[in-house]
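Dear colleague,

I am passing on the structure we talked about, together with some notes on what I found when going through it. Please have it open beside you while you read.

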Amino acid sequence: QVQLVESGGGLVQAGGSLRLSCVASGSILRINAINAMGWYRQAPGKQRELVAVISSTGNTNYADSVKGRFTISRDNAKNTVYLQMNSLKPEDTAVYYCNVRGDSFWFSREGYWGQGTQVTVSA
């Protein structure tokens, strides 16, 4: 199993910043098999959407709505993925979920998910 521990969520005013962190732990062999690490979010009444993802080689992809404002990064030595969120808007309010995926030998198609952390941006 892989456990994901998230931190950094909270309440901020519009225009503010937050930095989310997600640390993966568990079986060393499984941790080392992680490929993609990413962040998803789900707002009330909406589908869960990909916010940003980063591959083991550093390739990134962002939702169009956060490009230029959010930055995803990872520290492989610490098994940690970060999401720096700047210029936050009320529309960014959602539960943010950390996700890790790897080869199908060790991982299901959906990988492992964190418990979710609430990000609330007030107007």
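Leu29 is exposed, with a relative accessible area of 60%, and together with Phe105 and Trp106 it makes a nonpolar surface patch of about 370 Å². Please keep in mind throughout that this is a predicted model, so that every value in this message is computed from predicted coordinates.

As for the overall build, the protein has 1 helix and 11 strands, and from the N terminus on the elements run β-β-β-α-β-β-β-β-β-β-β-β. The radius of gyration is 14 Å, close to the 14 Å that the globule rule gives for 123 residues, so the protein is as compact as a globular protein of that length. Along the principal axes, the C-alpha trace spans about 45 × 25 × 25 Å. Buried residues make up 41% of the 123 residues, and the protein exposes about 6,600 Å², of which carbon and sulfur atoms supply 49%. If we take the contacts with a separation of 6 or more, residues 24 or more positions apart account for 55% of them.

Salt bridges

The structure holds 4 salt bridges, and I describe some of them here. Glu49 forms a salt bridge with Arg41, with the closest N and O atoms 2.8 Å apart; of these two partners, Glu49 counts as partly exposed at 33% relative accessibility, whereas Arg41 counts as buried at 6%. The side chains of Asp92 and Arg69 also meet in a salt bridge, at 2.8 Å from N to O. This pair links distant parts of the chain, 23 residues apart, since Asp92 lies in the loop between strand S8 (80-85) and strand S9 (94-102), while Arg69 lies in the loop between S6 and strand S7 (70-75). Asp92 counts as buried at 2% relative accessibility, and Arg69 is buried as well, with a relative accessible area of 11%. Arg41, Glu49, Arg69 and Asp92 are in turn linked in a network of salt bridges.

A further salt bridge joins the side chains of Glu110 and Arg101, at 3.5 Å from N to O. Here Glu110 counts as partly exposed at 42% relative accessibility, and Arg101 likewise counts as partly exposed, at 24%.

Ser55 lies in the loop between strand S5 (49-54) and strand S6 (60-62). With a relative accessible area of 16%, Ser55 falls under the 20% limit and is therefore buried. The side chain of Ser55 is joined to that of Thr57 by a polar contact of 3.0 Å, and, leaving aside neighbours within four places in sequence, Ser55 is in contact with Asn35, Ala36 and Arg74.

Thr80 is found in strand S8 and counts as buried at 4% relative accessibility. The side chain of Thr80 reaches the backbone oxygen of Lys78 at 2.8 Å. Although Thr80 and Val23 are 57 residues apart in sequence, they are 4.4 Å apart in space, C-alpha to C-alpha.

Tyr97 lies in strand S9 and counts as buried at 14% relative accessibility. Tyr97 and Gln115 are 18 residues apart in sequence and 6.7 Å apart in space, again taken from C-alpha to C-alpha. Again leaving aside neighbours within four places in sequence, Tyr97 is in contact with Glu6, Gly38, Trp39, Tyr40, Gln42, Arg48, Trp113, Gly114, Gln115 and Gly116.

Conventions:
Residues are numbered from 1 along each chain as its sequence is written. This is a predicted model: local features need pLDDT of at least 70, side-chain atom pairs count only at pLDDT 80 or more; totals for chains, interfaces and linings use all residues. Side-chain values use heavy atoms; hydrogens and water are left out. Helices (H or I, at least four residues) and strands (E, at least two) are DSSP runs, numbered from the N terminus. Buried means under 20% relative accessible area, exposed over 50%, partly exposed in between (1.4 Å probe, protein chains only). A polar contact is a pair of N or O atoms within 3.5 Å; within protein, one must be able to donate a hydrogen and the other to accept it, and residues adjacent in sequence count only if both atoms are side-chain atoms. Contact means heavy atoms within 4.5 Å. Patches are made of residues with over 30% relative accessible area and no salt bridge: like charges are joined within 9 Å, nonpolar side chains (Val, Leu, Ile, Met, Phe, Trp, Tyr) within 5 Å. Accessible areas come from the Shrake-Rupley method with a 1.4 Å probe; for residues, only the protein chains shown count as cover. The radius of gyration is taken over C-alpha atoms; the globule rule is 2.2 Å times the number of residues to the power 0.38.
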